[in-house]
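Subject: Structure for you to look at

Hello,

Here is the structure I promised to pass on. Please open it next to this email and follow along.

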Amino acid sequence: MLLVTACGPGADAGPARKSPVAVADAPALRPIPRGDGSETVDDFNGDGHRDLVLNDLVKEQEHADDPGIGIVYGGPRGLLPGARQLITPAGQGAPTKGVLPAVLDAEASCDLDGDGFTDLVVSTDPPYDGQGRPPVPLQILFGSPAGLTGRAVQLTVPDRARFGNDWPDQPVCGDFDGDGAADLILHASAGRLTYLRGPFSRKGAPRAAGDPLPSPGEIPTAPAVDVDRDGYDDLLVRTADGAATSTVLLGGPDGPTRAGVTLPAGLDVALGRFGKGGNLDAAVGAMGGTALRYDLPAPTRATLPVPGSALDSADFDGDGLSDLVSSGSRLRIFPGRATGLSTSGTVTVEPPARGTTRVVAVGDFDGDGRADLVVRTYRGETEDTVAVYPGRKKGLVAAEPSLTFSTSAFLTVLTVLTVQPSTAP
């Protein structure tokens with residue numbers, strides 16, 4: 001695995017030790033499958049099977065340092081917890097002014113260089129004295145037949161593409177100019193967005209970058225999708241104030257420059273084809289109910305009479321319509337229908353463990369053409385359970401998870417990588 005290089009020969013990493021929370025039944029480590037490249041989403045090793053990215057892994061003990069980013073690679077029947085990889089600041093981070101980052105967080109994923117292997121954009125904590133324009137905190141880990149190998153490179157953001165003195169962060173991938181290459185949108189400041197056109201070089205430089213784009217919102221929000229089906233990805237941006245309104249910016253030859261529709265204020269937004277019309281729709285969650293806007297960018301209005309504090313969308317039953325996942329105090333899935341989202345046939349997901357449950361990902365991990373639901377239940381900083389619920393033609397998702405594991409399994413990787421102190425003089 002890549003991570004055997006995390007501590008170089010003779011490095012003094014302290015005495016080898018086992019984590020007190022590392023589960024004894026953690027899946028045995030297995031080689032990462034090698035691929036030849038694919039167009040599959042989140043396929044870092046290019047073998048045609050979707051992989052899973054995990055932030056905020058279980059820690060050895062409360063308040064310990066974040067161990068890094070976990071990658072679980074996929075196989076023909078779904079995720080393979082044994083084929084896992086730990087991405088660490090020391091092992092994969094790129095230094096800024098000679099200083100390695102202390103933290104890495106996964107932010108966005110897409111094939112930035114167009115080689116058939118998904119790349120991962122991560123955020124770091126570069127040194128900054130608070131004076132003037134801060135450094136770029138984003139780095140790129142490039143995919144390969146062996147997965148996310150090698151060190152990251154710093155993302156190049158030309159000065160002309162920046163605006164103000166905010167951190168250039170919150171990246172969103174999408175093909176906003178319709179040329180077939182993945183682009184990046186970043187937060188700039190004061191109603192501006194940084195637009196970097198792909199493909200990107202292996203040194204982290206975009207093909208082109210112009211002046212910052214004006215925007216009605218400052219927070220670009222993933223995923224970018226082609227809302228009006230014109231061949232250009234469109235971007236959802238949210239305001240940073242308490243109202244949290246959202247606007248869909250329509251893509252075109254010059255990027256996402258045209259305001260399409262402003263959505264009502266809410267806690268979260270999900271885009272999908274929930275029914276009614278040929279274009280995509282929006283669901284805006286709030287405590288008083290979920291506002292629906294069908295057939296963007298000139299939508300009809302409706303309301304789902306249930307609150308939604310966190311929303312996701314995917315086609316779990318393979319009928320060509322998106323279903324809406326609403327999570328918070330309860331995790332429920334509302335089916336998409338030709339007439340729109342329905343409360344009839346709602347599925348309630350019961351996680352296999354107690355704690356706070358959040359949706360980690362929605363997507364087709366087992367290759368059957370139906371999306372799967374991946375949730376994670378936290379019990380403090382040292383215990384968790386990740387559960388995968390496969391999509392089903394009837395019932396949206398399986399009643400029981402097909403796979404469960406804990407991210408404490410990544411601590412066994414960390415233990416393997418820890419070496420004895422050097423005895424060299």
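Which residue in E10 is the bridge partner of Leu184? It is Leu196.

Before the rest, some ground rules. This is a predicted model, in which local features need pLDDT of at least 70 and side-chain atom pairs count only at pLDDT 80 or more, while totals for chains, interfaces and linings use all residues. Residues are numbered from 1 along each chain as its sequence is written, and side-chain values use heavy atoms, with hydrogens and water left out.

Confidence

pLDDT is the predictor's confidence in each residue, on a scale from 0 to 100. The protein has an average pLDDT of 90, and 91% of the residues score at least 70. Over residues 1-24 the pLDDT stays under 50, and the model gives this stretch 55 contacts beyond four places in sequence; a contact means heavy atoms within 4.5 Å. Residues 419-425 also have a pLDDT below 50, with 15 contacts in the model beyond near neighbours in sequence.

Strands (E, at least two residues) are DSSP runs, numbered from the N terminus. Two of them pair if DSSP finds at least two bridges between them.

Strand E10 covers residues 192-197, and five of its six residues are buried, so the strand is largely enclosed by the rest of the structure. Buried means under 20% relative accessible area, exposed means over 50%, and partly exposed lies in between (1.4 Å probe, protein chains only).

E10 pairs with strand E9 (residues 183-187) in the antiparallel sense, over four bridges. Four residues lie between the strands of this hairpin, where Ala190 takes a positive phi near 50°.

E10 also pairs with strand E12 (residues 213-214), again antiparallel, over two bridges. There, Arg192 has Pro214 in E12 as its bridge partner. With strand E11 (residues 208-209), E10 forms an antiparallel pair over two bridges, and Arg197 stands opposite Ala208 in E11.

A four-stranded sheet

Further along, four strands form an open sheet with antiparallel pairing, in the order E17-E18-E19-E20. Strand E17 (268-272) and strand E20 (300-304) are the edge strands, each pairing on one side only. On average, neighbouring strands of this sheet are turned by 20° against each other, direction ignored. Such angles, from 0 to 180 degrees, are taken between the N-to-C directions of axes, which are lines fitted to C-alpha atoms.

E17 pairs with strand E18 (residues 281-286) in the antiparallel sense over five bridges. In E18, Ala283 is the bridge partner of Ala270.

Regards
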